[in-house]
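Me: Got a model open here and want to talk through its packing. Can you walk me through it, contacts to begin with?

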Amino acid sequence: MSRIPGAIHSNGVLICEARSEDFPIIYVNPAFVEITGYELEEVQNRNCRFLQGPDTDPAQINDIRQALVQQRDISLTIRNYRKDGRAFWNNVFISPVRANDGHATHFVGIINDISEYKDHENELAFHATHDALTGLGNRALFEDRLQHDVDLARRHHQQLAVLFIDLDEFKPINDTLGHAVGDQVLIHVARRLEEAIRPSDTLCRFGGDEFVLLLPDLDDPHHAQEVAERLLLELAQPYRIDRHELYLSASIGIALSDEALENPAALLQQADMAMYKAKQQGRNTLQTFTYDINQKLTQRVTLRNDLQEAITQEQFELHYQPLLTRDGDIHGFEALVRWNHPVKGPISPGLFIPIAEETGQIIGLSQWVMERAAKDFLKLQPLLPNHCRMAVNLSPMQFHRPSFLSSLRKTLEVTGLPPTALELELTEGILMNDTEAAIDTLHALRGMGISITIDDFGTGFSSLSYLRHLPIDKIKIDRSFILNIVESSKDAAVVQGIIALAHHLELNVVAEGVETSAQQQHLLALNCDVLQGFLFAKPMPFEPLTHWLAVQQQNAL
Ligand SMILES: Nc1nc2c(ncn2[C@@H]2O[C@@H]3COP(=O)(O)O[C@H]4[C@@H](O)[C@H](n5cnc6c(=O)[nH]c(N)nc65)O[C@@H]4COP(=O)(O)O[C@H]3[C@H]2O)c(=O)[nH]1
């Protein structure tokens with residue numbers, strides 16, 4: 001017995017007879033008693049199978065049995081049970097004690113309770129493959145399952161589908177109501193999606209508001225669309241979170257496997273591209289991948305990468321378009337960004353601004369625009385009447401950032417532009433999410449002396465009466481109404497109504513896109529206050545603008 005290491009502190013030790021049938025225990029140490037809850041008297045002369053329970057792996061039991069029969073060492077971690085029924089992870093080492101003839105007389109077992117470590121290990125393994133917030137699988141798990149299911153589908157000549165689900169307008173919820181609410185929304189979304197699918201489907205979250213669903217063994221490709229439609233309906237139900245009632249929609253991209261599929265990851269990319277297409281089509285919709293989408297989106301992705309370079313290499317330029325009062329005096333200027341792509345030439349802001357908005361690149365770009373416009377305006381100011389302002393377009397992402405006001409104040413401070421020389425143009429859509437916070441921001445801006453214009457008025461969903469709640473100074477009627485104002489009595493009536501109501505609310509009205517003198521006359525007759533359009537001047541770089549101003553002033557003399 002002296003060979004038995006009595007000083008093994010927290011390791012339990014047991015010794016059993018090797019030559020008696022069923023290997024009865026003859027000794028256990030106090031650590032064994034502590035770990036298992038059994039006293040020596042209770043275990044003596046018994047086989048140690050009393051440590052086994054419902055979750056003990058039979059294959060491991062067999063391994064131990066084999067080792068004992070063959071009289072060799074064995075080490076393994078096995079699920080064992082204490083006297084009170086609680087399970088624990090037992091790291092066991094069993095070794096034979098041999099007589100001179102080489103045969104085992106006893107077996108010594110050293111047991112170690114590693115439950116804590118094992119639980120931690122399990123937890124780590126779980127986290128490596130699961131999303132901590134929703135408990136759904138993560139990208140790693142998805143890719144694993146995708147590979148597995150694609151192999152199966154190939155073998156059985158079946159088709160599978162990947163659905164890329166991205167929530168619409170989730171970011172403003174996070175930004176305005178806070179991350180705690182945003183997290184709750186994501187958990188609700190995960191549960192709704194889970195309830196709407198079959199157990200054999202794999203649902204994962206890729207982070208942010210992106211969920212991905214794998215539908216194996218489709219009977220019919222249309223089934224994927226039916227599932228997507230069902231999910232859109234489920235997600236559109238209102239969400240009650242704390243005191244908020246929220247409405248959400250999603251855009252879903254679908255990719256279907258075919259016999260030629262070589263790389264399963266391609267399915268994921270295709271579903272992602274189709275999802276982008278769904279977003280472009282106005283959201284709350286689904287789109288199935290086609291090769292045509294691939295081509296268009298590749299262009300977009302290239303543009304996105306080029307945009308990053310454009311920001312660092314300052315390939316942008318600001319053009320300024322004058323705004324005139326009804327008497328033809330200068331009212332101010334609108335700053336409009338231009339991108340001169342080194343290879344593709346000028347790219348329309350209508351194309352790259354939405355991409356910059358999606359990728360967040362708009363923040364850096366807007367900062368550049370604001371600084372450049374401020375500096376240029378200060379150079380022009382001595383030539384301008386006092387009331388003139390520089391109008392700058394605000395992007396939704398910029399406006400909803402918590403740091404928006406402080407960074408704007410800083411820019412004004414650094415450039416020296418007085419707030420009373422600045423006008424911000426924002427679209428109705430910006431104000432639709434979390435209107436209360438948006439109105440607070442508008443009050444703060446006006447408190448500083450900045451003027452606010454609602455841009456593209458008439459294209460959004462705001463009712464005219466909604467205007468009365470907004471601390472704004474001007475509305476700019478969208479170009480699409482001005483275009484047909486002469487020919488279309490309906491458009492003329494809309495413009496007349498907008499101007500009358502705006503004046504009733506003591507707001508100024510700007511008409512943009514004035515291209516003909518007939519349109520100009522019509523607008524003047526309807527009492528429009530400010531006019532902007534190619535009829536008077538196109539947007540132009542700073543130098544030509546200074547010449548244009550000089551000519552204007554000459555003509556005024
Ligand atoms: N056909 C026609 N068009 C006219 C006429 N007068 C002005 N325009 C165009 O109408 C657009 C007016 O700008 P917007 O509605 O704010 O619409 C802008 C604005 O939403 C956005 N954008 C431009 N610059 C910036 C910027 O610096 N920041 C942000 N966030 N958005 C910008 O891109 C949009 C498109 O800008 P642009 O292509 O420069 O297009 C400009 C301008 O060139 C006219 O008589 N006829």
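Reply: Starting with Ile477: leaving out residues up to four places away in sequence, Ile477 touches Phe457, Gly458, Ile482, Val495, Ile498, Val509, Ala511 and Glu512. Contact here means C-beta atoms, placed from the backbone, within 7 Å.

Me: What kind of model is this, and how are residues numbered?
Reply: This is a predicted model; local features need pLDDT of at least 70, side-chain atom pairs count only at pLDDT 80 or more, and totals for chains, interfaces and linings use all residues. Residues are numbered from 1 along each chain as its sequence is written.

Me: Which residues touch the most other members of the largest nonpolar core?
Reply: Ala335, Ala373, Met390, Val392, Ile477, Val509 and Ala511, out of 59 residues in that core. The largest share, 7 residues, comes from α12. A nonpolar core is a set of buried Ala, Val, Leu, Ile, Met, Phe, Trp, Tyr and Cys residues joined through C-beta atoms within 7 Å. Buried means 20 or more other C-beta atoms within 10 Å of the residue's own, exposed means 12 or fewer, and partly exposed is in between, with C-beta atoms placed from the backbone. Helices (H or I, at least four residues) and strands (E, at least two) are DSSP runs, numbered from the N terminus.

Me: What about a second core?
Reply: There is a separate one of 43 residues, including Leu163, Val227, Ala274 and Met275.

Me: Strand β6 next. Why is it described as largely enclosed?
Reply: Because 8 of the 10 residues of β6 (residues 159-168) are buried.

Me: Which strands does β6 pair with?
Reply: β6 pairs with β8 (residues 210-218) over 7 bridges, antiparallel. β6 also pairs with β11 (residues 249-256), antiparallel, over 8 bridges. Pairing takes at least two DSSP bridges between two strands. Phe164 has Val212 of β8 as its bridge partner, and Asp166 stands opposite Ser251 in β11.

Me: Switching to the open sheet. What is its strand order?
Reply: β2-β1-β5-β4-β3, 5 strands with antiparallel pairing. The edge strands are β2 (25-28) and β3 (74-81), each pairing on one side only. Twist averages 25° from one strand to the next. Angles run from 0 to 180 degrees between N-to-C directions, with axes fitted to C-alpha atoms, for helices over the stretch in contact.

Me: How many bridges join β4 and β5?
Reply: 9 bridges, between β4 (residues 87-98) and β5 (residues 104-113). Val97 stands opposite His106 in β5.

Me: Which helix lies across β3, β4 and β5?
Reply: α3 (residues 58-70), running at about 135° to β3.

Me: And α6 against α7, at what angle do they cross?
Reply: Roughly 145°, with the axes of α6 (residues 170-177) and α7 (residues 179-195) coming within 6 Å. Ile173, Asn174 and Leu177 of α6 meet His179, Val181, Gly182 and Val185 of α7.

Me: Last topic, the ligand. How many residues surround it, and which are closest?
Reply: 24 residues surround the ligand, and the closest are Val337, Pro349, Asn393, Gly533 and Phe534. Near means a C-beta atom, placed from the backbone, within 6 Å.

Me: Which elements give two or more residues to that shell?
Reply: β14 (330-341), α11 (349-359), α12 (362-380) and β18 (451-457).

Conventions:
Contact = placed C-beta atoms within 7 Å.
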